[in-house]
Amino acid sequence: MSKGLDTRTSILDRAAELASQLGLSGLTIGSLADELELSKSGLFAHFGSKETLQIQVLEHAAAEFAEQVVLPALREPRGAPRLRAIFERWLDWARGGPPGGCLFVAAAVELDDRPGPVRDRLVAFQRQWLDVIRRTVQLGIEAGRFRSEADPAQFAQDLYGVMLAYHHAARLLRDPAAAKRARRAFEALLAAAVTPSHAPRRGRVTST
């Protein structure tokens, strides 16, 4: 990695942390410059505008998510192993992310009724992720590992709901059992989809 690219990555890492706490709207070139003790003109040369900065922070976070969650999970065998890898890596991402929590969850609340390029980019990322889950279920059906009547789109929505509930319980309510309950909810979803001959092994539903 070149020095310039390494510097840009470090800037975006810190920008994503700030955005998770302040919201994307609170992330400006000025606030980031103050945080990093850099000149505003220098950061402006990197990003050009507040909107570009916000979009690139989302793109940076999405690339990290793909590297840590999506790509490793998709290397697992089709069916329950791949879905469990998706869920566990997603949960690890949520638990070990920036201090303000998952940037995508925070941004979804912040931007849901604010049209514009930043919201459009977030929507595109979220739809891509739901499609990864949907496609994973569909491939499992085609391989005979999931029931033919399983609904991939419904599974994707329900799994997303499990993760949103986890965020609410873990961050707002500070519930120490949040991860355990999320795992139980995931196992119930999986059990309803899997064919009897491919019943998955029990997941880590008792850990916290």
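These legends go with a set of close-up views of the structure above.

This is a predicted model, so local features are kept only at pLDDT of at least 70 and side-chain atom pairs only at pLDDT 80 or more, while totals for chains, interfaces and linings use all residues. Residue numbers run from 1 along each chain as its sequence is written, and side-chain values use heavy atoms, with hydrogens and water left out.

View 1. The largest nonpolar core holds 63 residues, and V57, L83, W90, F104, W129 and Y166 touch the most other members. A core here is a set of buried Ala, Val, Leu, Ile, Met, Phe, Trp, Tyr and Cys residues joined through side-chain atoms within 4.5 Å. Buried means under 20% relative accessible area, exposed over 50% and partly exposed in between, using a 1.4 Å probe and protein chains only. Helix α4 (residues 50-74) gives the most to this core, with 10 residues. Helices are DSSP runs of H or I, at least four residues long, numbered from the N terminus. Zoom in on W129 and, beyond its neighbours within four places in sequence, you'll find it in contact (heavy atoms within 4.5 Å) with F65, V69, V70, I86, W90 and Y160.

View 2. The whole structure has 6 aromatic pairs. Rings of Phe, Tyr and Trp (its six-membered ring) pair if their centres lie within 6.5 Å; planes under 30 degrees apart count as stacked, over 60 as edge-to-face and the rest as tilted. F65 and F104 are edge-to-face, because their ring centres sit 6.2 Å apart with the planes at 80°. F65 is in helix α4 and F104 in helix α6 (residues 103-111), so this pair ties together parts that are 39 residues apart in sequence. Both F65 and F104 are buried. W90 and Y160 also pair edge-to-face, at 5.3 Å centre to centre and 70° between the planes. Here W90 comes from helix α5 and Y160 from helix α8 (residues 152-172), so the parts being tied together are 70 residues apart in sequence. W90 and Y160 are buried too. Ring pairs link F65, W90, W93, F104, W129 and Y160 into a cluster.

View 3. The closest N and O atoms of E187 and R84 are 3.0 Å apart. A salt bridge is a side-chain nitrogen of Lys or Arg within 4 Å of a carboxyl oxygen of Asp or Glu, and the count comes to 9. E187 and R84 are both buried.

**View 4. Salt bridges with partly exposed partners.** D175 and R181 form a salt bridge, with their closest N and O atoms 2.5 Å apart. D175 is partly exposed at 24% relative accessible area, and R181 is partly exposed at 48%. Elsewhere, E142 meets R135 in a salt bridge at 3.8 Å, N to O; R135 is partly exposed at 38%.

**View 5. R82, buried without a salt bridge.** R82 lies in helix α5 (residues 80-95). R82 is buried but has no salt bridge, and the nearest side chain of opposite charge, E76, is 7.8 Å away. Lys and Arg count as positive and Asp and Glu as negative, with His and the chain ends not counted. Setting aside neighbours within four places in sequence, R82 is in contact with A73, L74, E76, P77, T136 and L139.

Key
Helices (H or I, at least four residues) and strands (E, at least two) are DSSP runs, numbered from the N terminus.
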